[in-house]
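Welcome, and thanks for taking a look at this one. Have the sequence and the coordinates open side by side, and let us walk through a few selected spots together.

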Amino acid sequence: MNLPKFAINNFQLTLTAFFVFLALGVAALLTMPQREDPSLKIANIIVVAVYPGASPADIESQVVDPIEEAINELDDIKEMETTIRDGVSVTEVEFTFGVDPDKKFDDVQRQVNSIREDLPQDLYQLNFTKASTNTVAIMQLALVSETASYQVLKKEAENVKRTIERVDGVRKVEIKAYPEQEIRIALDPVKMSQMNVSLDQIEQAIQSNNANIPGGAIKVSNKLFNIKTSGSYDDLEQIKNTVVGSVQGKIIYLKNIAKVFFTYEDERWLARYNQKRSIYVNVQQKDGYNIFSVTDPIKEDLKALNLAEDIELAYIFDQSVGVKDRVSGFLGNLVQGIVLVGVIIFLALGVRSASIVMMTIPLSILMGLWAVSSFGFSLQQMSIAGLVVALGLLVDNSIAIIENVERFLGLGYSRKEAAISGTQQLVAPITSATLTTILAFVPIIVMPETTGAFIRALPVTVTMTLTASLIIAVTLTPLLASWILKEKKKKEVKKAPILFTYMKRFVEGPYRKGLKWVLNHKILTVVVAVAMLFGALSLFPMVGVAFFPKAEKPQFRVTATLPNGSNIEAVDEVMKYVETVLENNEKVAYYATNIGHGNPRIYYNVASTNYSNSYGEAFVVLKKYEVKEFYEVLDQLRSEFKQYPNARIDVREFVQGPPSEAPVVIKIFGPDLGQLQAYARQAENIVKGTEGAINVENPIRTNSTDLRFNINRDKAMMLGVPIYQIDKTIRSYVNGTVVGTFRDKEAEDYNMVMRFDYEDKFKLEDFDKLTVASATGSFIPLEQLASITFDEAPSRITHLDKERTATILADLEKEFTLDQVVASVKTELDQIDWANGYSYTFKGDLENRNDSFGGMGIASGIAMLLIFGVLIVQFKSFSQPLIIFSALPMAIIGSILALLITGINFSFTAFIGLTSLIGIAINNSIVLVDFANKLRQQGASVLEAAQRAGEVRFIPIVLTTLTTILGLLPLTLNGGSLWAPMGWTIIGGLLTSTTFVLLLVPVLYRLFTRE
């Protein structure tokens, strides 16, 4: 079918179709969800068990082991990791990428719930969450007040929550960092023993009086009456007047042996904003919504909200600000690229021809966006980067068509005939060339795992945009050419555009001489090319290999880790010091402090640290971001925090890429906790002594000190005191026991907690006041049944796939690569005499990089095979595809040199650039070899065909290379450390591959083509 002829003869249909595509593209641009980073549907499920007062060893045996056994029965588990600290365990289950996250979430819940009865009855919380980029908070708000109570702050936060929940697109609103109110039943153990009232009696009395049992219904005559019983407690006085026993014929009320009052639970997560007490309101967005359509209405509604006079509403984090900056920056790069490409095209082709080519750019981009939107992708950094990559490629087809139509016009054809014939002649070759480029990106689209999903929008955008450009080139471009280009009159001499003139002179002068010389020195030319390739490869170790770069945001975290066994007051003291340092730094705009917990999850690959009495974190925002100034601030803070005693204070940047514990992660495996700790200390010292490693962390460096009750079992049995009764008494008095729920008149529920009556903190001497009820009803002093000793115990236990582990974490200094640090550490670790059953492995960025680079290597290999197959079909030869593929090793030379000169590591995005070059670089070779074959069909010798093909195709090859380079240049210069490696890889590769294509390919063509 002659597509150009059909498009021109049915121009009404053609124009209507493209106007429809234009409208669809504009609609997609306006309605596409806008995000800062890609949406990743990761099947990672987190199970958090909170068991206050329990040691890590107790939680391991009573909670974690049963949970892990139950979860391990599920299919598709890739990795299961558990961290156990005092009072809490966090089990993260990572499933094979691609499985349904919702189904796996249900499966994990079902498995854990099936063994719920085997877990401790007084387990405080058992929560399940899904780890996904969609659960990241798009907004973190703070309600700030130094005077308002937590009760008032929470009430105002509830108003804020209701206001936000009314906005369409809001998935979830959470209120965090406040203590819940509870009803405290503060027991007096001395009075209890005097009145012979046991803990069990109190608990049973409260639960029986708080039961709400429906009385049923009774039929009287023609009426049906529901029977209302006494029901549960209505107010505190009813609780106080609960009968708990009797002594000497007198009734004993709860108020006789305990105080009953409203109070707050023990503080486990404190928050401050700029040193002022606060609580947080976190907002999550539903998938598929434009972030601005969610955040803008929220801000407008909150402006109209009247808060109490002493409460301030502060915006700690607003993702829409970052999205706006990121998207506008990328669109700016795109516009700059269009301008640069346009300048080159106008200088090379002239006004009329260039106008036609430039019209194809916005239409191709809009059509590509419509297709990308149809596949469910949002407008974010990956999809816009795909548009920038495609920018320099999408004009190639139209340039080739316009140039050929101009040639037919020069032969005397009419505009319509020239448009039809000139386009139809190139339909097959440009389709083949576009297909080879697309095939280079297709394997990246099907890359597995998280990294593949992270960058998938880029290759999809490129392939869709290039497909759109091909459709435009063979339909709309000839139609516009038949209307806009001028017919050539006989003997008319047309003045060539200025750039075309200079390029023509270069071809007829220096290039012709150089090409003749290399064709006469074939072997020497090949040897020099091979030597340059090996020389460039030898320089590759100097380039260095990285994974993903820093996030380049004016934000960072300050984390404080105290020795194990510390309490939240000690963490608070450290964080107040951190706040003082930040307050005195004029570059800091504001900061949010968290004591006992990590900051809420606001970045897609950083999870919030769960409750810990030895951890604090500050989220810090600078006034602006400049690379040099940013790292000066970080170095200054690190230097100052390093001097602080009794706590490790680290400054941590946000990093791009899939989630990772740290750049350097060492996992040590073994059964014995003591031996693991010893090996972990050795590994920690090795990493600390390694140049380039910073923020070295060993969570099990020290043990905690526990109070151990050594129960005299014989004496307890002789006095008729069950062992469990002693344990229950200690736990109830110290940590408290929830004995029921109280609902007030506003339908608010509060836990009723029974615990020891102490004014400030439980003291060791308070144990002397405790008694335990025996089977005979008498009360035995606890000190007669047990002695107290101080006992050293593990402060943290970690599992990986049910096996005990120790973990060493470290970040990298800016000037050092992962391979440099890991190589040095591995050399030292291998010298340790590892006992039988103990081993180590590297995880973190090294594992992620190996998985991702392995996937990219497979993708590149598949791309080359697919392209090679297409070329074999097109050229019906094995040797000529190999000649064409010579452009690839020549491109590697330029890529390595470009990265080396710019001082940029070979990162994951650089690998994407190298894979992209597979399709981009060989197009020039295809054009040259195809033209040489046509010349030989017309009777030219191999030498003449090689010489003539190089000269004739020089201008279009150089022109398309220039458009690709100039289209990428703004992103390369302005795209930061994420996109600079990809940009320089492609630009450097194109420069050398184009040079060698124009010199080496004619030589290889002459060497391997028979007359």
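A residue is called buried when its relative accessible area is under 20%. T434 has a relative accessibility of 6%, so T434 counts as buried. Please keep in mind that this is a predicted model. Here is the overall picture, followed by some local sites.

**Overall layout**

- The protein has 1011 residues, and 54% of them count as buried.
- Its secondary structure comprises 31 helices and 30 strands.
- Along the principal axes, the C-alpha atoms fill a box of roughly 130 × 80 × 55 Å.
- Among contacts between residues at least 6 apart in sequence, 80% join residues at least 24 apart.

**Helices to look at**

- Helix α11 covers residues 319-349, 31 residues in total, and its first and last C-alpha atoms are 44 Å apart, close to the expected 45 Å.
- After α11 comes G350, with a positive phi near 95°.
- Helix α23 runs over residues 723-734 and has 12 residues; from first C-alpha to last it reaches 17 Å, close to the 16 Å expected.
- In α23, the buried residues are Q725, I726, T729, I730, R731, S732 and Y733.
- α23 is followed by G736, whose phi is also positive, near 95°.

**T434 in helix α14**

- T434 belongs to helix α14, which spans residues 415-445.
- A polar atom of the T434 side chain lies 2.8 Å from the backbone oxygen of I430.
- Beyond residues up to four places away in sequence, T434 touches N397, L466 and L470.

**M575 in helix α19**

- M575 sits in helix α19, residues 568-583.
- Is M575 buried or exposed? Its relative accessible area is 0%, so M575 is buried.
- Leaving aside neighbours within four places in sequence, M575 is in contact with R272, V558, A560, T593, N594, I595, G616, E617 and A618.
- M575 and A440 are 135 residues apart in sequence, and their C-alpha atoms are 51 Å apart in space.

**D811 in strand β29**

- D811 is part of strand β29, residues 803-812.
- With 12% relative accessibility, D811 counts as buried.
- Which side chain makes a polar contact of 2.8 Å with the side chain of D811? The partner is N695.
- The side chain of D811 also makes a polar contact with the side chain of R652, at 3.1 Å.
- Not counting residues up to four places away in sequence, D811 touches R652, A662, P663, G692, A693, I694 and N695.
- D811 and D650 are 161 residues apart along the chain, while their C-alpha atoms are separated by 9.9 Å.

**Loop residues**

- S774 is in the loop between β25 (771-773) and β26 (779-781).
- The relative accessible area of S774 is 9%, so S774 is buried.
- The side chains of S774 and S778 make a polar contact of 2.8 Å.
- Leaving aside neighbours within four places in sequence, S774 is in contact with L719, G720, V721 and I780.
- A177 lies in the loop between β6 (170-176) and β7 (181-187), and A177 is buried at 3% relative accessibility.
- E552 is found in the loop between α18 (522-543) and β16 (555-561), and E552 counts as partly exposed at 30% relative accessibility.

**Backbone angles worth a glance**

- Most residues other than glycine have a negative phi.
- A177 has a positive phi, near 70°, and is not a glycine.
- E552, another residue other than glycine, has a positive phi near 55°.

**Cavities**

- How many cavities of 30 Å³ or more does a search of the whole structure find? The search finds 4.
- The second largest cavity holds about 80 Å³ of space.
- Its lining is made up of R557, N599, P600, R601, I602, Y603, V606, A607, S608, E617, F619 and F654.
- By class, that lining has 7 nonpolar, 2 polar and 3 charged residues.
- E617 lines this cavity, and E617 is also among the contacts of M575.

Definitions and conventions. Residues numbered from 1 in each chain as written. Heavy atoms only, no water. Helix = DSSP H or I, 4+ residues; strand = E, 2+ residues; numbered from the N terminus. Buried < 20%, exposed > 50% of the residue type's maximum accessible area, 1.4 Å probe, protein only. Polar contact = N/O pair within 3.5 Å; in protein donor to acceptor, adjacent residues only side chain to side chain. Contact = heavy atoms within 4.5 Å. 1 Å grid on protein atoms, 1.4 Å probe; cavity = no way out; pocket = protein on both sides within 12 Å on 5 of 7 lines; lining within 4 Å. Points joined across faces, edges and corners; volume = space filled by probe spheres on them. Nonpolar A, V, L, I, M, F, W, Y, C, P; charged D, E, K, R; others polar. Expected span 1.5 Å × (residues − 1).
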